[in-house]
Amino acid sequence: MSPHVLILGGTTEARRLAAELAARPGVRVTTSLAGRVARPAPVPGEVRIGGFGGPEGLAEWLRAHRVDVLVDATHPFADTITANAARAAAATGVHALVLRRPGWRSRPGDDWHFVRSLDAAAEALPRLGRRVFLSTGRLGLAAFRHLTDLTFVVRSVDPPEPPLPPDTRVVLARGPFTVTDETRLLRTHRIDVLVTKDSGGEATAAKLTAARDLGLPVIVVRRPEPPAGATVVSDVAGVLERLGLSSPRDSGAADTCP
Ligand code: NAP
């Protein structure tokens, strides 16, 4: 019988996994996207778009579409859908895996400041700089709106959701970015502090290298913990191995998140 794999997507790892599974005869793969990005990158296999209606709606979808394996390959900070996936899998008995790229590690000499939330990042900011590169994505920027004395550069794929701090310049761009790109951006805007989520992966790590080279402080928002008891794998090859589908096509993880 052909296994049906549902991938909860929105990351490069999810697309890579979909490509790997779609290339295997007899495997049916569906990728689910939240529908947040206006023009999502193409994904091999079947695609569905939009919320399920909470954990119950997702459980219903798993049953109705006879899903055998649920892979939560969403962004490390998409914690609502991750919690919903764990509950839906528990309710239906569907085999579930969480695909999470590892977080970033600081190096000796780095001036990194770990915080628990965007609110905590906003609280720490005025002590660390005046001109901020805010690369935490397009949502949740209201946490910084009261910082009227600071200048912000916000980068995201689609326009950020207001309210924004009053002195904000928006840069619309989709990664991956090179160290040269990032150094140019930091220099052009005379950035003196960077704020990032601990998204992990290679595609958006260049900003950390550029900040390191320029000696800038970095505020890193810690990622939420995966649900208790979840089976977490760190790359596409690990998922394929768990599913008994390893082959020479296997590849490592990367990302294109903000
Ligand atoms: P979230 O807060 O965890 O989820 C909010 C709701 O959006 C969920 O309850 C679910 O609605 C729906 N949803 C989320 N991901 C979905 C998916 N893959 N398929 C179908 N429905 C989904 O998620 P978020 O942080 O807004 O992220 C939304 C999407 O963007 C995720 O797929 C994630 O991979 C991607 N993304 C997020 C970030 C980030 O920083 N958070 C960065 C890059 C990409 P229902 O309850 O109705 O099912």
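1. A quick term before the notes: contact here means heavy atoms within 4.5 Å. Keep in mind, too, that this is a predicted model. With that in hand, have a look at helix H6, residues 206–214. H6 lies across E6, strand E7 (131–135), strand E8 (151–156), strand E10 (193–197) and E11. Its direction is about 155° to that of E10.

2. Now the sheet under discussion. The sheet is open and has 6 strands, with parallel pairing, in the order E6-E11-E10-E7-E8-E9. Strands E6 (112–115) and E9 (168–172) are the edge strands; each has a single partner strand, so one side of each has no neighbour in the sheet. From one strand to the next, the twist averages 20°.

3. Arg 223 sits in the loop between E11 and strand E12 (232–233). Is this arginine buried or exposed? Arg 223 has a relative accessible area of 18%, and the cut-off for buried is under 20%, so Arg 223 counts as buried. Its side chain reaches two backbone oxygens: that of Asp 198 at 3.1 Å, and that of Ser 199 at 3.0 Å. Leaving aside residues up to four places away in sequence, Arg 223 touches Pro 76, Phe 77, Arg 101, Pro 102, Gly 103, Asp 198, Ser 199 and Gly 200.

4. Most residues other than glycine have a negative phi, and most peptide bonds are trans. The Pro 162 to Pro 163 bond is cis, with omega near 5°, and Pro 163 lies in the loop between E8 and E9. Gly 175 and Pro 176 are also joined by a cis peptide bond, with omega about 5°. Pro 176 belongs to the loop between E9 and helix H5 (179–188).

5. Two arginines have a positive phi. For Arg 66, phi is near 50°; this residue is in the loop between helix H2 (54–64) and strand E4 (69–72). Its relative accessibility is 68%, so Arg 66 counts as exposed. Arg 190 also has phi near 50°, and its place is the loop between H5 and E10. With a relative accessible area of 57%, Arg 190 is exposed.

6. Last, the packing. In soluble globular proteins, nonpolar side chains tend to be buried together. The largest nonpolar core here has 20 residues, and Leu 125, Phe 144, Phe 152 and Ile 219 have the most contacts inside it. Helix H4 (118–128), E7, E8, E10 and E11 each give two or more residues to this core. Which element gives the most? That would be H4, with 5 residues. As for Phe 152, its contacts include Leu 125, Val 132, Leu 134, Phe 144, Leu 147 and Pro 165, not counting residues up to four places away in sequence. Apart from this core lies another, of 19 residues, among them Leu 17, Ala 18, Val 69 and Val 239.

Conventions: Residues numbered from 1 in each chain as written. Predicted model: local features only at pLDDT ≥ 70, side-chain atom pairs only at ≥ 80, totals over all residues. Heavy atoms only, no water. Pairing = 2+ DSSP bridges. Helix = DSSP H or I, 4+ residues; strand = E, 2+ residues; numbered from the N terminus. Axes fitted to C-alpha atoms, helices over the stretch in contact; angles between N-to-C directions. Buried < 20%, exposed > 50% of the residue type's maximum accessible area, 1.4 Å probe, protein only. Polar contact = N/O pair within 3.5 Å; in protein donor to acceptor, adjacent residues only side chain to side chain. Core = buried A, V, L, I, M, F, W, Y, C linked by side-chain atoms within 4.5 Å.
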